[in-house]
Amino acid sequence: MRKYIAPLHYLTQDLTDYGHILQAETVLKAGCKWLQYRSLNKSIDLQLQEASAIAELCDDWGATFMVCQDAYLCAALHDAQGLHLEDESVIAFKEARKLL
């Protein structure tokens with residue numbers, strides 16, 4: 001069975017002068033088809049706002065949208081395609097699977 005994964009991926013970052021949504025718009029316009037939202041220092045409310053806006057952009061551009069690290073944020077979004085866990089100490093894998 002042949003499997004496909006997009007050749008260009010992008011992980012958003014907490015940059016001072018270049019917000020997550022602007023990063024997403026930029027890479028999607030450049031042809032990115034796989035985007036992960038990753039924010040380490042924002043409130044959950046702000047993360048939910050940003051991630052929701054980026055999920056809509058990904059829908060518009062036909063890109064896969066993933067959430068990095070936060071299973072609860074991923075579960076709160078109805079249009080995220082998946083979760084990327086970097087560290088098993090963040091949330092147990094079984095718990096994340098049940099949550100999603």
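## Ground rules

Residues are numbered from 1 along each chain as its sequence is written, and side-chain values use heavy atoms, leaving out hydrogens and water. Because this is a predicted model, local features need pLDDT of at least 70 and side-chain atom pairs count only at pLDDT 80 or more, while totals for chains, interfaces and linings use all residues.

## The core

Let's start inside. The largest nonpolar core has 22 residues (a core here is a set of buried Ala, Val, Leu, Ile, Met, Phe, Trp, Tyr and Cys residues joined through side-chain atoms within 4.5 Å; buried means under 20% relative accessible area, exposed over 50%, and partly exposed in between, with a 1.4 Å probe and protein chains only). Those with the most contacts inside this core include Leu35, Ile54, Cys58 and Phe65. Two or more residues each come from α1 (20-29), β2 (34-37), α2 (44-61), β3 (64-68) and α3 (71-76), and α2 gives the largest share, five residues. Helices (H or I, at least four residues) and strands (E, at least two) are DSSP runs, numbered from the N terminus.

What does Cys58 touch, leaving aside neighbours within four places in sequence? Its partners are Leu28, Leu35, Ala63, Thr64 and Phe65, with contact meaning heavy atoms within 4.5 Å.

## Helix α1, inside and out

On α1, the buried residues are His20, Gln23, Ala24, Val27 and Leu28. Down the helix axis they fall within an arc of 120°, so they line one face of the helix (the arc is that of the directions from the axis to the C-beta atoms). Their cover includes β1 (9-11), β2 and α2.

Leu22 also lies in α1, but this one is partly exposed, at 39% relative accessible area. Together with Leu15 and Tyr18, Leu22 forms a nonpolar surface patch with about 240 Å² of accessible area. Such patches take residues with over 30% relative accessible area and no salt bridge, joining nonpolar side chains (Val, Leu, Ile, Met, Phe, Trp, Tyr) within 5 Å and like charges within 9 Å; areas come from the Shrake-Rupley method with a 1.4 Å probe, and for residues only the protein chains shown count as cover. After α1 comes Gly31, with a positive phi near 105°.

His20 is buried, at 1% relative accessible area. Beyond four places in sequence, the residues it touches include Tyr37, Lys42, Glu50 and Ile54.

Two of those contacts, Glu50 and Lys42, meet in a salt bridge (2.7 Å, N to O), defined as a side-chain nitrogen of Lys or Arg within 4 Å of a carboxyl oxygen of Asp or Glu. By this rule the count is one. Glu50 is buried at 9%, whereas Lys42 is partly exposed at 25%.
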